[in-house]
Amino acid sequence: MRKYAPSVAWPVQSMTGEVASPHTLTVRNLHVEVAGTEILKGVNLELRSGELTAMMGPNGSGKSTLAYALMGHPKYKVTSGQVLLDGKDLLALTVDQRARAGLFLGFQYPQEVSGLSLSKFLWTSYMQRHTMETADAEGFGRDLTEHLGYLGMDESFLKRSLNEGFSGGEKKRAEILQMSTLSPVFAILDEPDSGLDIDAVRAVGETVARLDRPGIGILVITHYQRILKYVKPVRVFVMVDGAVALSGGRELAEELEAKGYDWVKVGLVPNA
Ligand SMILES: Nc1ncnc2c1ncn2[C@@H]1O[C@H](COP(=O)(O)OP(=O)(O)OP(=O)(O)O)[C@@H](O)[C@H]1O
Ligand SMILES: [Mg+2]
């Protein structure tokens, strides 16, 4: 039986030596309905800051549904179960409150917003996580330029409307740029690698790996282990038919790529 063994002992010590307080996002027996159909049928999951995890699973198994339900998309109705952020009821919060509490979703299909420039969007979002005292315009600008460079994005993107006319790969990079400026506590990245060329997978993968710090928990939803060359998950979850059916170490991703999903059944591992 595969069991998850935490690779990082708490409390987590950051590079600067300070002890970062650990955060947890706990999903308990979550059931979610979309348009009257039950899609999630009892998801159990625990994410922790300081850990990067991955989620795989067949098309239509409910990975994006989980991401939307956690973020609070109104079409995704939680019918039972619990989601706790540091022990507090996340589901009681509105979408913006969840974002302010540090939850970030990088969309599988990012929306285009005409008339809102990327720079204005990023700065406005950043200010929602800060006060006039804690905001650092210079630091924000520095980080932004640095991350544009890591992601291989030209500064001209900042003046363009959010995602409008962006290619598929540019949209995915813009999602990661948002993650870099928002400093989330938990980031769920829904297929950040889909539609990316080989160099872009490396740029996105390496940038996510750079953002993988002690104070943040990252869940990367993906179909391919190619991004896992750059981001090294401590654990891989497999979603099958609306539930986490299996979890294991990084080698599980390779096993799935070789064997497919047919052998993975719900209930295979009781504590997955
Ligand atoms: N708004 C919606 N209306 C109707 N059905 C929906 C809606 N959203 C999701 N579904 C259904 O829920 C199921 C799970 O979809 P979901 O997008 O969560 O899968 P996924 O695991 O992310 O798949 P993929 O790997 O293809 O992205 C699918 O059968 C999908 O058609
Ligand atoms: Mg999806």
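1. Of the 272 residues in the protein chain of this predicted model, 39% are buried, where buried means that 20 or more other C-beta atoms lie within 10 Å of the residue's own, exposed means 12 or fewer, and partly exposed lies in between, with C-beta atoms placed from the backbone. Local features need pLDDT of at least 70 and side-chain atom pairs count only at pLDDT 80 or more, while totals for chains, interfaces and linings use all residues. Residues are numbered from 1 along each chain as its sequence is written, and chains are lettered from A and ligands numbered from 1 in the order in which they are written.

2. The chain has 7 helices and 14 strands, taken as DSSP runs numbered from the N terminus (helices H or I, at least four residues; strands E, at least two).

3. One open sheet contains 4 strands in the order 4-3-6-7, with antiparallel pairing, a pair requiring at least two DSSP bridges between the strands. Strand 4 and strand 7 (88–89) each have a single partner strand, so one side of each is left without a neighbour in the sheet.

4. Strand 3 and strand 4 run antiparallel and are joined by 9 bridges; among them, V34 has T37 in strand 4 as its bridge partner. The loop between strand 3 (24–34) and strand 4 (37–48) holds A35, which has a positive phi of about 45° although it is not a glycine. A35 counts as exposed because it has 8 C-beta neighbours inside 10 Å.

5. E191, in the loop between strand 11 (186–190) and helix 6 (198–211), likewise has a positive phi, near 50°. E191 counts as buried, because it has 22 C-beta neighbours inside 10 Å.
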